[in-house]
Amino acid sequence: MNGIAASAGSADLVVVGSGIIGLGAAYAAVRRGLSVIVVDRADAPVGATIRNFGHLCIGAQAGEARRYADLSRDLWLRLAQDAGFWIRESGTLVAARHADEIAVLEHAATDGGIRLLETDELLRLAPLRREGLLAGAHIETDLQTDPRTAAAAIVRHLAASGVDFRFRTAVTSVAGRRVETTRGTIAAGAVVVAANHDIDQLLPDVAERAGVVRCALDMMRAAVSLTHPLSAPLLTGWSLVRYGRFAEGTATAALRERLHSERPHLAALDLNQMYTQLPDGTLIIGDSHATSTAPEPFQPEAAFAAFLAEAEALFEMPAPRVLERWQGVYAKASEEFLIDSVEEGVLVLAATTGIGMTTGLGLAEENLTAAFGWAPAMEGTP
């Protein structure tokens, strides 16, 4: 071919990456009647988009993250209806086992959308041990889905709507609205790079400017015998010190200090003790966090032992039977989001605090509309 790359076609929008932000970008474009090609080196979404709790934690966000989360909520509900995957408007439960946790919840509830619960009501909604449980809360706007089935269903729906998925195809460079791949060159009207932590492989200068590293987390799924189903995702005091709506203020500072002084081994794991129950009855348990430019693949058994011990202390149940363990990896930086127009017509998007499932659809919808001057999506489109 005399050094000229083979043409692999063209599209109004080329999306690099088939995670939730890439799928959100494709969804935003196809609803506007645009042609879309999604390129991914794997043969399906296999990254952070399927390795999470399926917890769409909308009401615990603040600021920019809350704006994206609210927009994502509407898009998740529409996609679930159109693509036919399981989702529920469950809200989120919070179990409070110390007065400082109640103080944090009471402060956050003054802004609305959080209902404080007496112990008996919380026990009706979650099969917890009464011992040590003081009170709780219900975050009203949150959703829950099964990330593995949701991602696959979204791909099928978008493909049926005309999106061209080029799986098992690696992108080697993006420049001048030309996307070079291992299967040829794609000409693009616009490009969205949604490669999560692998942005440092494709566009290292962008990643370095943003300070992108990788956060590796450990999780597990277990068969459990609960006295009654868990009606919503469940958070604990460890979660309250992580999420934006709860994480600031003197009450949260006191909670963080107590947790770290009383449970230093859990603090060393950077624990977020939370749980979701899937439709098949199994329980997702986790998670720990370790940050590095290249996290080691070796998962410490101490983390999983801690997960199980904490679950048995919290829930009214016999010892869980572990079915699966896995490591998730997501992009992390000092800001919550990476939004970078590297050149005209090329937009880089990433959620860089581990809330991609909660915010990704809205992040793509809002920023593509702004960057490319798109009109609002047409009603009644896919």
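Reader: Which helices each supply at least two residues of the lining of the second largest pocket?

Author: Helix H8 (237-240), helix H9 (250-262) and helix H11 (301-314) do; helices (H or I, at least four residues) and strands (E, at least two) are DSSP runs numbered from the N terminus. This is a predicted model, in which local features need pLDDT of at least 70 and side-chain atom pairs count only at pLDDT 80 or more, while totals for chains, interfaces and linings use all residues. Residues are numbered from 1 along each chain as its sequence is written, and side-chain values use heavy atoms, leaving out hydrogens and water.

Reader: What makes a residue part of a pocket lining?

Author: On a 1 Å grid over the protein atoms alone, a pocket is an open set of points where a 1.4 Å probe fits, with protein on both sides within 12 Å along at least five of seven lines; a lining residue has an atom within 4 Å of a point. Here 13 residues qualify, and Arg97, Glu101, Arg258, Arg263 and Glu310 lie nearest the centre.

Reader: Why are strands E15 and E16 said to pair?

Author: Pairing requires that DSSP find at least two bridges between the strands. Four bridges join E15 (residues 274-277) to E16 (residues 283-286), so the two strands pair. They run antiparallel, and Met274 has Gly286 as its bridge partner in E16.

Reader: How do you know whether Thr181 is buried or exposed?

Author: Buried means under 20% relative accessible area and exposed over 50%, with partly exposed in between (1.4 Å probe, protein chains only). Thr181, in strand E11 (residues 178-181), has 10% relative accessibility and therefore counts as buried.
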